[in-house]
Amino acid sequence: MPKEDITDIKIGVLGGGQLGRMMIQSAIDYNLDISILDPDENAPCAHLVKNFTVGKLTDEELVYQWGQQFDLITIEIENVSVAALKRLQDEGKKVYPQPEIIELIQDKRKQKTFYKANRIPTSDFVLTENAKDVAAHKEMLPGVNKLGTEGYDGRGVQMIRTEADLEKAFDKPGLLEKLVDFEKELSVVVARNEKGEMNCFPVVELSYHPEQNLVEFLFAPAQISEKTEQKAYTLAKDVIEKLDMVGLLAVEMFLTKEGDILVNEVAPRTHNSGHHTIEANLTSQFEQHLRAILNLPIGSTELVTPAAMVNLLGEDGFTGNARYEGMETCMAMKGVYVHLYGKKLTKPFRKMGHVTITDDSIESLKVKARKVKETLKVKA
Ligand SMILES: Nc1ncnc2c1ncn2[C@@H]1O[C@H](COP(=O)(O)OP(=O)(O)OP(=O)(O)O)[C@@H](O)[C@H]1O
Ligand SMILES: [Mg+2]
């Protein structure tokens, strides 16, 4: 990529969802040349870039041909043709995150095996081929059964607390890991450029919706000790270095009751646990991702203000053209920032947007976050 000016670099992004949409918002500030590939002609990024192509992200030939026009290719979703990206990389295109890393992360089995081989702390697990196999590992209960591939947003995750739950086990290749009785779920988003410069965003804590396995509330900074915080940064940097990855990596972690940190899983891209950085940090995760893949200086991740984030999910029981209820009430609240993703159709629990809330204390953030959650509704 021997170009002098970053605006001359043609960047192709696989995926045109909300993450791509917010990446475009950042790219605009630097006049970056972004093109998008997505299977949905009505994707959140449609009409936002001149070069928006409709096509399947897992179609090797299509992705390979599409990729020809760029200098640099990146992703906003992992479910893409790695074979095509490898061919493009072999022909001299820059592909960040590297295809080998996307391949590793596409399969939770490979991911967990990588942690074990690289001495990255993670919960104990066994690889399983089918439901019978899961049932043969009663010593792992209470456990969590995960599909190797194609699970996302909690859809490939099954709690197997007791033997009676074994009937729910996935009858496909996956893994069974020990249930972690965690104190908190934490996340660290870390960036790394070609020069090896790295920086972590402040640790955040997440609370998941008990049934949907989706992030319900996020708080930044996490309410943890200084020692735990440092441990989390060391771990996140260790993972991105061991992967030798260029780009942005979200590291989902469990803080155990004993004070240990275990890696749950990682995502080699911008992540739901970094959305608040748009308002709350000196550099947003979207800008940081662009800085990392373009080998630009990694920005300061300093928190400007404590923040909370609430995902705006389609209300249960409503499917159809989305209508937003309670917008004005939320917009009247100080430090409340609504982000809608431009999705025409709502369905139960679909991610339709998010809301970032800034305030001086975690206590007031909690109050406001609840209020937002109760007020803002997506119906049809
Ligand atoms: N070993 C475990 N012990 C306890 N809870 C777990 C374990 N593994 C997963 N969970 C819970 O299930 C959630 C979803 O699991 P995981 O992150 O592996 O799945 P996912 O489908 O990739 O989710 P997402 O796409 O939302 O990140 C975790 O955030 C955590 O709350
Ligand atoms: Mg997860």
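Is glutamate 252 buried or exposed? At 10% relative accessibility, glutamate 252 counts as buried, where buried means under 20% relative accessible area, exposed over 50% and partly exposed in between, for a 1.4 Å probe and protein chains only. The structure is a predicted model, in which local features need pLDDT of at least 70 and side-chain atom pairs count only at pLDDT 80 or more, while totals for chains, interfaces and linings use all residues. Residues are numbered from 1 along each chain as its sequence is written, chains are lettered from A and ligands numbered from 1 in the order in which they are written, and side-chain values use heavy atoms, with hydrogens and water left out.

Helices (H or I, at least four residues) and strands (E, at least two) are DSSP runs numbered from the N terminus.

Two cis peptide bonds are described here. One runs from tyrosine 96 to proline 97, with omega near -5 degrees, and proline 97 is located in the loop between β5 (94–95) and α4 (99–106). Another joins alanine 220 to proline 221, with omega near 0 degrees; proline 221 occupies the loop between β13 (215–220) and α7 (226–243).

Positive phi values occur in residues other than glycine. Asparagine 31 has phi near 55 degrees and is placed in the loop between α1 (18–28) and β2 (33–38); with a relative accessible area of 58%, asparagine 31 is exposed. For arginine 119, which is not a glycine, phi is about 55 degrees. Arginine 119 belongs to the loop between α5 (108–117) and β6 (125–128) and, at 74% relative accessibility, counts as exposed.

Four aromatic pairs are found in a search of the whole structure. One of them, phenylalanine 114 with tyrosine 115, is edge-to-face, at 6.3 Å centre to centre and 70 degrees between the planes. Rings of Phe, Tyr and Trp (its six-membered ring) pair if their centres lie within 6.5 Å, and planes under 30 degrees apart count as stacked, over 60 as edge-to-face and the rest as tilted. Phenylalanine 114 is buried at 15% relative accessibility, and tyrosine 115 is buried at 2%. Lysine 116 lies over the face of phenylalanine 125, at 5.5 Å from the ring centre, and lysine 373 over that of phenylalanine 217, at 5.8 Å. Such a placement requires NZ of Lys or CZ of Arg within 6 Å of the ring centre and within 35 degrees of the ring normal.

Asparagine 321, in strand β17 (residues 320–321), is exposed, with a relative accessible area of 53%. Asparagine 321 is 24 residues from leucine 345 in sequence, with the two C-alpha atoms 4.6 Å apart in space.
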